[in-house]
Every structure is written in structure tokens, then in C-alpha cells.
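Student: Could you walk me through this one before I set anything up? I'd like the overall picture and then a handful of individual residues.

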Amino acid sequence: KATIDRLKGFQVSDGGFAYWPGQPNANEWGTNYAGHFLLEAQKAGYTVPSMLLNNWKAYQTKVARQWIKGDNGSELTQSYRLFLLALAKSPEMGAMNRMRVQKSLSTASKWNLAAAYHLAGQPEVAQQIANGVGIEVSDYTELTGTYGSGIRDQAIILQALSIMGQKAKGAPIVQAISTELSSEKWMNTQATAYCLVAMAKY
């Protein structure tokens with residue numbers, strides 16, 4: 001409840017969320033991440049102010065429609081945005097279709113997109129995307145942009161597999177995430193949170 005209330009101070013005039021409270025501009029990955037939290041909180045039975053969520057959806061829809069492939073994680077940010085809009089029962093089909101025909105999408109982006117189609121009521125398209133992509137990702141650590149890592153991207157894939165009902169295919173990822181969470185190795189907030197969300201969904 002405290003976090004939902006605190007996020008009001010992060011939302012800027014266009015509906016996105018700033019990285020720090022009081023900043024004038026939205027941070028695209030932070031907007032995704034905060035919105036994901038609000039959707040999961042609402043699903044868990046917490047009261048999320050409708051204006052907070054509706055303004056977020058309006059911002060996400062506008063940015064999704066305007067997106068042009070760039071660098072610095074913009075592709076993964078867009079695929080996450082499209083997944084979240086579908087999770088919020090407001091899929092942006094035009095943007096999803098445009099992204100689907102993009103060449104050289106990353107593995108995590110493809111799985112986000114597959115999950116978005118599944119949630120949007122098009123499981124056949126979701127399966128077509130899934131058939132052409134594996135579950136292996138290279139290890140990396142990103143300190144800005146999407147704050148990503150190999151294990152965070154594995155969690156994205158596991159989340160998609162769980163949503164699509166393909167839990168057997170996700171078993172190796174579950175083992176990898178479990179090993180990582182149980183180790184003494186440092187994990188950033190993004191990796192830890194996403195791993196826990198994915199494991200819970202599985």
C-alpha cells in the first residue's frame with residue numbers, strides 16, 4: 001500500500017513515471033517496471049487508483065505507437081511495454097504486428113512479444129514466435145538502460161513460458177534461477193525481483 005501511494009509522486013504529467021520523484025520526464029524502463037508492479041498489485045487484490053493506472057496506460061499506448069527501433073535497449077523496452085499493455089487487457093495490436101516483422105529481435109524481446117500475443121487472445125501467433133526462438137541467453141550485466149543481465153532475461157523467458165502454459169520447457173530455467181537465487185552471488189534489484197516474479201508465476 002505504501003509503495004502504491006509513493007508511486008503517485010513519480011508519475012509525470014504525460015502519465016509515465018520518472019526515475020526519481022520530482023523529475024519532469026518519464027523514464028521508459030522505469031515506467032514499464034512501475035506499471036508492472038501496479039498491475040501485479042491490483043491482481044493480488046490491492047486497490048490501485050484508477051487515474052494512476054489509466055494515465056500510465058495512455059502514456060504506454062502513445063509511446064508504443066510512436067516507437068522506432070533504436071539502440072540502448074529500446075527494443076527490449078518496447079517488447080516489455082507491449083507485454084504489459086496486453087497484461088493490462090489493453091493490447092496494442094498494431095505496434096505488436098510492426099514489432100513482429102522486425103529482424104534480429106533479441107531472444108528476450110521475442111518471448112515478451114509471444115507472451116503479449118498469448119494474453120491478447122492470439123495463442124497461435126504466440127506459438128509461431130515461440131517456435132522460432134530458443135531459451136538460451138548470453139550472460140551480461142547492464143548498469144543502465146534496462147538494468148539487464150543474463151539471469152534477468154532468463155526470468156523474462158520463464159514468465160512467458162508460464163503464461164503460455166509451457167512449464168516443461170521452462171524447467172531448465174527454473175533450475176538455473178533457483179541456483180542463482182540460492183548462491184552468495186550479488187544480484188541487483190532488477191534481477192532479483194524479476195526472478196522472484198517469474199518463479200512465482202511458474
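Tutor: What follows goes from the chain as a whole to single residues, and the model is a predicted one.

Student: What's the fold made of, and how many helices and strands are there?
Tutor: The chain has ten helices and zero strands, and reading along the sequence gives the pattern α-α-α-α-α-α-α-α-α-α. The radius of gyration is 16 Å, close to the 17 Å that the globule rule gives for 202 residues, so the chain is as compact as a globular protein of that length.

Student: And what box do the C-alpha atoms fill?
Tutor: Taken along the principal axes, the C-alpha atoms fill a box of roughly 40 × 40 × 35 Å. Among the contacts with a separation of 6 or more, 61% are between residues 24 or more positions apart.

Student: How much of the chain is buried, and what does the surface look like?
Tutor: Buried residues account for 49% of the 202 residues. The accessible surface comes to about 10000 Å², and carbon and sulfur atoms hold 53% of that area.

Student: OK, the inside. Which residues touch the most other members of the largest nonpolar core?
Tutor: That core has 59 residues, and the ones touching the most other members are Phe17, Leu38, Trp111 and Leu113. As a general point, nonpolar side chains in soluble globular proteins tend to be buried together.

Student: Let's stay with Leu113. Which helix is it in, and is it buried or exposed?
Tutor: Leucine 113 is found in helix α6, which covers residues 107-119. Its relative accessible area is 2%, which is under the 20% cut-off, so leucine 113 counts as buried.

Student: What's it touching, leaving aside neighbours within four places in sequence?
Tutor: With those neighbours left aside, leucine 113 is in contact with Leu82, Met96, Met99, Arg100, Leu105 and Ile129. Its C-alpha atom is separated by 17 Å from that of glutamine 66, which is 47 residues away along the chain.

Student: Which helix has Gln154, and why is it classed as buried?
Tutor: Glutamine 154 lies in helix α8, residues 150-163, and its relative accessibility of 18% is under the 20% cut-off, so glutamine 154 counts as buried. Not counting residues up to four places away in sequence, glutamine 154 touches Val137, Ile173, Ala176 and Ile177.

Student: Now backbone angles. Where is Lys89, and what is its phi?
Tutor: Lysine 89 is placed in the loop between α4 and α5 (93-100), and has a positive phi of about 65° although it is not a glycine. In general, most residues other than glycine have a negative phi. Lysine 89 counts as exposed, at 75% relative accessibility.

Student: And Tyr147, what's phi there?
Tutor: Phi of tyrosine 147 is near 55°, again a positive value in a residue other than glycine. Tyrosine 147 lies in the loop between α7 (123-131) and α8, and is buried with a relative accessible area of 18%.

Student: Last one, Arg98: where is it, and what does it touch?
Tutor: Arginine 98 is found in helix α5 and counts as partly exposed at 43% relative accessibility. Not counting residues up to four places away in sequence, arginine 98 touches Ala64 and Arg65. Arginine 98 and methionine 164 are 66 residues apart in sequence and 21 Å apart in space, C-alpha to C-alpha.

Notes: Residues are numbered from 1 along each chain as its sequence is written. This is a predicted model: local features need pLDDT of at least 70, side-chain atom pairs count only at pLDDT 80 or more; totals for chains, interfaces and linings use all residues. Side-chain values use heavy atoms; hydrogens and water are left out. A nonpolar core is a set of buried Ala, Val, Leu, Ile, Met, Phe, Trp, Tyr and Cys residues joined through side-chain atoms within 4.5 Å. Buried means under 20% relative accessible area, exposed over 50%, partly exposed in between (1.4 Å probe, protein chains only). Contact means heavy atoms within 4.5 Å. Helices (H or I, at least four residues) and strands (E, at least two) are DSSP runs, numbered from the N terminus. The radius of gyration is taken over C-alpha atoms; the globule rule is 2.2 Å times the number of residues to the power 0.38. Accessible areas come from the Shrake-Rupley method with a 1.4 Å probe; for residues, only the protein chains shown count as cover.
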